[in-house]
Amino acid sequence: MTSYIENETDATFTFDVKEIADLVAARVLESEKCPYEVQVNILLTDNAGIMAYNAQYRQIDRETDVLSFPNIDYESPADFDRLEDNPADYFDPDSGELILGDIILSVDKVREQAESYGHSEKREFAFLITHSMLHLCGYDHMERDEAETMEAKQEAVLNALGILRGDSA
């Protein structure tokens with residue numbers, strides 16, 4: 001897996017952002033049985049930045065914690081079967097990797113929500129990357145059953161990695 005991380009803020013964390021993002025992303029891809037090496041782009045921004053992206057791409061003029069932009073139009077979540085039918089649409093011609101999509105994450109929201117939920121910034125960051133990776137794999141949470149599925153998958157990934165709720169480290 002290749003991840004490209006751009007930080008358009010001055011924010012730093014006590015953990016290695018790329019290491020945690022790669023660890024979480026790899027676990028999601030493994031759990032979803034993705035048969036390909038993938039590329040993911042992650043942009044770290046602040047609340048003002050994510051509000052601008054949210055307004056531009058979703059026509060919602062407010063802050064959010066994370067935005068996900070899947071590159072794949074799935075017939076059903078994590079259905080990777082038909083991608084090779086249109087390789088130019090989905091695969092990087094140079095590396096052969098599946099271009100899974102883009103994630104935009106507010107570092108301000110990571111900090112705010114970690115404090116609000118009483119756990120570490122690392123746990124909140126990992127949760128948001130997990131959540132977004134599931135979106136990049138075709139999952140959504142608009143309906144109650146979809147939300148329950150995503151929540152169970154998120155907890156399974158984070159528990160498997162030992163990144164737990166209430167972890168203040």
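**Close-up 1. The largest pocket holds about 480 Å³ of space.** This is a predicted model, where local features need pLDDT of at least 70, side-chain atom pairs count only at pLDDT 80 or more, and totals for chains, interfaces and linings use all residues. A pocket here is an open set of points on a 1 Å grid over the protein atoms alone, where a 1.4 Å probe fits, with protein on both sides within 12 Å along at least five of seven lines. Grid points are joined across faces, edges and corners, and the volume is the space filled by probe spheres set on the points.

**Close-up 2. Ser68, His131, His135, Asp140 and His141 lie nearest the centre of the largest pocket.** The lining runs to 19 residues, each with an atom within 4 Å of a point. Strand 3 and helix 5 (121-136) are the elements that give two or more residues to this lining, and strand 3 gives the most, with five. Helices (H or I, at least four residues) and strands (E, at least two) are DSSP runs, numbered from the N terminus. By type, the lining splits into ten nonpolar, six polar and three charged residues; Ala, Val, Leu, Ile, Met, Phe, Trp, Tyr, Cys and Pro count as nonpolar, Asp, Glu, Lys and Arg as charged, and the others, Gly among them, as polar.

**Close-up 3. Lysine 33 is not a glycine, yet has a positive phi of about 55°.** Look for lysine 33 in the loop between helix 1 (17-31) and strand 2 (38-45). Its relative accessibility is 68%, so lysine 33 counts as exposed (over 50% relative accessible area, 1.4 Å probe, protein chains only).

**Close-up 4. Alanine 78 has a positive phi too, of about 60°.** Alanine 78 sits in the loop between strand 3 (66-70) and helix 3 (87-90). At 18% relative accessibility, alanine 78 counts as buried (under 20%). Residues are numbered from 1 along each chain as its sequence is written, and side-chain values use heavy atoms, with hydrogens and water left out.
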